[in-house]
Amino acid sequence: MAPNGKEETKAAASSTLVAAAGGSDDKFAPSVWGDFFINYEPSATMQRSEEWMRERAELLKGQVRQLFNASKDAMGVADLVTYVDTLERLGIDNHFPEVIGAAVHRIRTEEPEPDVLNMLHIVALRFRLLRQHGIWVSADVFDKFRDDTGNFSTSLCSDPRGLLSLYNAAHMAVPGEVALDDAIAFARGHLEAMRSKVRSPLAEQISRALDIALPRFSRRLETMHYIAEYEHEDAHNSLLLELARLNFNLVRILHLKELKDLSLWWRDLYDNVKLPYARDRMVEIYFWTCGMLHEEEYSHARMLFAKTFGMVSLLDDTFDVHATLEECHKLNEAMQRWDETEISILPEYLRMLYIETLRNFKEFEDNLEPNKKYRMSYAKKAYKLSSQYYLKEQIWSSLNYQPSFKEHEEVSIVSSGLPMLTIITLMGYGDEATREVFEWVSGVPEMVCAGSQVTRFLNDLSSYKLGKHKRDMPSAVETYMIENGLTGEEAVAAVAALLENRWRILNQASMDIDRTLMPAAQVVVNMARANEIIYLHGRDGYTFGEDLKDLVTTLFLKQVTL
């Protein structure tokens with residue numbers, strides 16, 4: 001009897017995956033960057049000295065504060081939301097926490113001016129900013145833009161800026177907020193139709209949002225684009241623009257120094273461990289890091305994140321593509337013991353990886369202030385747990401075990417790496433990362449689960465499209481497809497819907513969470529945002545570094561004129 005359509009689709013999908021997957025001796029492509037950032041000299045392209053830029057930036061910061069304090073009483077809600085949005089998108093908001101705090105308080109407590117209540121752009125901008133700052137605003141504010149039938153008014157079709165703001169704002173929806181589903185569909189349909197007809201820079205902003213909505217887009221990349229676009233806005237503030245250009249260049253100087261240091265560290269580590277089957281991707285890791293956390297004050301956190309990501313990637317690739325099941329058991333056993341004297345249980349080729357991992361973690365601990373050394377126990381525990389779950393995946397793979405979707409979710413929350421890397425990142429924070437924060441992340445609460453699932457679903461949608469290694473356990477797409485008797489296309493749509501739901505859980509949690517836990521909440525959300533870039537359009541920019549080459553070049557090398 002001939003298989004039905006669904007069975008045919010599933011069989012075709014399965015054979016595609018098998019054909020695309022390699023054998024256990026396959027190697028990942030080499031780094032597309034080599035030693036470029038070790039040898040690169042940014043000073044050769046600097047327009048001004050770092051000292052001059054810092055002095056000028058400090059002067060401008062003082063002027064920005066003075067001007068805000070002098071004019072704030074005359075600013076209405078529309079002016080304030082525009083000002084806060086500008087500071088944030090230009091990437092200079094971290095220099096003005098008191099300005100942002102005062103402005104957000106007024107935006108929250110004051111009624112918008114009567115003449116702007118019917119301006120979709122301002123209403124949507126206020127809605128998005130308040131929700132992104134953890135303040136609940138009802139979606140009822142958009143009711144005035146609907147007609148008698150409850151649909152959005154067709155008069156909005158001539159307001160591209162308002163539609164773009166509505167589209168971005170609606171992506172701050174929480175689970176069950178159906179009223180914003182049709183806002184997204186309405187705005188998206190009209191934006192797609194008009195994007196070729198609107199002028200720059202609005203056209204580019206619409207294209208970016210249709211790829212990744214602003215609340216889910218990497219802040220550093222948005223700043224990179226927006227600095228070039230802001231000067232074309234009629235009401236741009238030349239003081240803020242000059243400061244943003246200086247700040248971008250100053251932050252980049254630090255980023256390039258960190259990237260050089262990390263590239264040297266990685267070259268030594270990668271050469272020492274001698275695991276040629278593993279991915280050589282430090283530049284892509286650092287791009288990922290800056291997409292998550294770019295500000296100068298988070299330098300220590302970035303270095304910890306990037307180094308640990310590099311090491312756990314070696315561990316993951318060992319479990320996934322090379323080690324036998326027996327070797328996987330031994331590697332995990334050694335990781336659980338966390339003692340260099342236990343090295344003899346490992347096969348010879350894995351011993352240096354083990355030594356380097358323990359040595360680097362010891363170095364991390366030595367560099368912590370005495371009152372922060374307690375953080376290392378959380379980091380080690382999380383790293384050991386990652387190893388346990390990598391092993392569990394390989395046991396399933398070796399048995400050809402088909403997990404239920406629920407089982408898949410439970411394992412992949414940890415194996416995604418997000419809970420562990422959140423703890424590692426917070427190790428580099430100041431006093432705002434309290435013991436309570438570490439306890440919260442370690443407990444893997446709903447928000448951390450949702451962030452992990454964003455990571456896993458993006459990765460699995462990509463691997464389903466690109467094909468996966470034959471030793472990988474079934475992806476979320478395959479598991480959902482088999483469990484629910486769906487075609488591959490139907491399963492992809494279902495997992496994409498689950499991905500949207502997890503983003504909405506993140507939105508809800510960001511508004512519900514205790515303010516003392518905000519440092520961790522922001523790391524989780526920012527990590528999810530960075531993942532959207534890595535896996536955009538189903539690519540895997542980490543495994544296939546060529547996919548990110550243009551973005552890396554633009555972010556770290558393209559000149560931003562002062």
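# A guided tour of the chain

Of the 562 residues of the chain, 57% count as buried, where buried means under 20% relative accessible area, exposed over 50%, and partly exposed in between (1.4 Å probe, protein chains only). The model is predicted: local features need pLDDT of at least 70, side-chain atom pairs count only at pLDDT 80 or more, and totals for chains, interfaces and linings use all residues. Residues are numbered from 1 along each chain as its sequence is written, and side-chain values use heavy atoms, with hydrogens and water left out.

**The whole chain.** Along its principal axes, the C-alpha trace spans about 70 × 70 × 45 Å. Contacts are heavy atoms within 4.5 Å. Among the contacts in the chain with a separation of 6 or more, 75% join residues 24 or more positions apart.

Next, select residues 32-210, which an unreviewed UniProt entry annotates as "domain: Terpene synthase N-terminal". UniProt positions are given in the numbering used here, feature names are shortened, and annotations may be inferred rather than shown by experiment. This stretch is 56% helix and 0% strand, and its end C-alpha atoms lie 29 Å apart.

Within this range, go to A102 in helix α5 (residues 97-109). A102 is partly exposed, with a relative accessible area of 35%. Its C-alpha atom is separated by 9.7 Å from that of L80, 22 residues apart along the chain.

Then select R131 in helix α6 (residues 120-132). Is R131 buried or exposed? R131 counts as buried because its relative accessibility is 0%. The peptide bond leading from S200 to P201 is cis, with omega near 5°. Most residues other than glycine have a negative phi, and most peptide bonds are trans.

**Two loops with positive phi.** Select K274, in the loop between α11 (238-273) and α12 (282-292). K274 is not a glycine, yet has a positive phi of about 50°. With a relative accessible area of 62%, K274 is exposed. Continue to V444, in the loop between α19 (435-442) and α20. V444, also not a glycine, has a positive phi of about 45°. At 23% relative accessibility, V444 counts as partly exposed.

Now select helix α17 (residues 405-415), which is largely enclosed by the rest of the structure because eight of its eleven residues are buried. Which residues of α17 are buried? They are F405, H408, E409, V411, S412, I413, V414 and S415. To see what they pack against, display α16 (375-398), α18 (418-427), α20 (446-466), α21 (476-484) and α22 (488-512). Just after α17, G417 takes a positive phi of about 90°.

End at Q453 in helix α20. Q453 counts as buried, at 8% relative accessibility. Not counting residues up to four places away in sequence, Q453 touches E409, I413 and R502. From Q453 to A528 the C-alpha distance is 9.1 Å, although 75 residues separate them in sequence.

Terms used
Helix = DSSP H or I, 4+ residues; strand = E, 2+ residues; numbered from the N terminus.
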